[in-house]
Amino acid sequence: MMSDELHRQAMPMDLHAVLEQVFTIKEHDLRTFAQLQRSPGSIVNELAGILDRDRSTVNRSLTTLREQGLVRRERRLLDTGGYVYQYIPEDHETVRTQLHEGLDRWCATMHAEIDAFDGSL
């Protein structure tokens, strides 16, 4: 039976997989987000060192996380003049709410895809 075959092939979904699907983010974005939860207020250079990744890669992850509403950026003035951006993860209640809303939208999209299914893949 086709549904049994699809069920056997399905990968189990954990929270990371749901976050990746709902927020359209990748594993390295999740690693950046997890590190920010451990070290809120970090700057790009600090994150790049801790994560052992290039600054430009970390910056792209932070941009993605900001666009998805998981992280906010604040400007911190330096004693020596100038400023740097520090990144703060949104609180878990905000993320949970966004995740529920995003999952509802994702499910609605998937239901529409299933309803449009004509028997061919």
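Modeller: D52 sits in the loop between α4 (44–51) and α5 (55–67); helices here are DSSP runs of H or I with at least four residues, strands are runs of E with at least two, and both are numbered from the N terminus. The model is predicted, so local features need pLDDT of at least 70 and side-chain atom pairs count only at pLDDT 80 or more, while totals for chains, interfaces and linings use all residues. Residues are numbered from 1 along each chain as its sequence is written, and side-chain values use heavy atoms, with hydrogens and water left out.

D52 is not a glycine, yet its phi is positive, at about 55 degrees. Most residues other than glycine have a negative phi. D52 counts as exposed because its relative accessibility is 71%; exposed means over 50% relative accessible area, buried under 20% and partly exposed in between, with a 1.4 Å probe and protein chains only.

A second case is found at T24, in the loop between α2 (15–23) and α3 (27–38). T24 is not a glycine either, and has a positive phi of about 45 degrees. This value is taken just after α2. With 59% relative accessibility, T24 is exposed.

In α4 the buried residues are V44, L47, A48 and L51. They lie on the same side of α4, because they cover an arc of only 100 degrees around the axis; the arc is that of the directions from the helix axis to the C-beta atoms. An α-helix has 3.6 residues a turn, so residues three or four places apart point the same way. The cover over the buried residues of α4 includes α3, α5 and β2 (83–89), where contact means heavy atoms within 4.5 Å.

One part of that cover can be described by its geometry. Two packed helices are described by the angle between their axes and the distance between the axes. For α3 and α4 the angle is about 110 degrees and the axes are 11 Å apart. Axes are lines fitted to C-alpha atoms, for helices over the stretch in contact, and angles run from 0 to 180 degrees between N-to-C directions. α3 and α4 are therefore roughly perpendicular; that term covers 65 to 115 degrees, with under 35 roughly parallel, over 145 roughly antiparallel and the rest oblique. The crossing of α3 past α4 is right-handed, which means that the near helix is turned clockwise from the far one by less than a right angle, anticlockwise being left-handed. R31, T32, Q35 and L36 of α3 make this contact with L47, I50 and L51 of α4. Four of the residues in the contact of α3 with α4 are nonpolar, two are polar and one is charged. Here Ala, Val, Leu, Ile, Met, Phe, Trp, Tyr, Cys and Pro count as nonpolar, Asp, Glu, Lys and Arg as charged, and the others, Gly among them, as polar.

From α3, the residues H28, D29, T32, F33 and L36 meet S61, L62, T64 and L65 of α5. The contact of α3 with α5 holds four nonpolar residues, four polar and one charged.

S61 belongs to helix α5 and is buried, at 0% relative accessibility. Apart from neighbours within four places in sequence, S61 is in contact with H28, D29, T32 and R53. R66 is also in α5, but is partly exposed at 34% relative accessibility. With neighbours within four places again left aside, R66 contacts V71, R73 and Y87. R66 and E90, 24 residues apart in sequence, are 9.6 Å apart in space from C-alpha to C-alpha.

Lastly, P89 lies in strand β2 and is buried, with a relative accessible area of 12%. Beyond neighbours within four places in sequence, P89 is in contact with F33, L36, Q37, P40, L70, V71 and R72.
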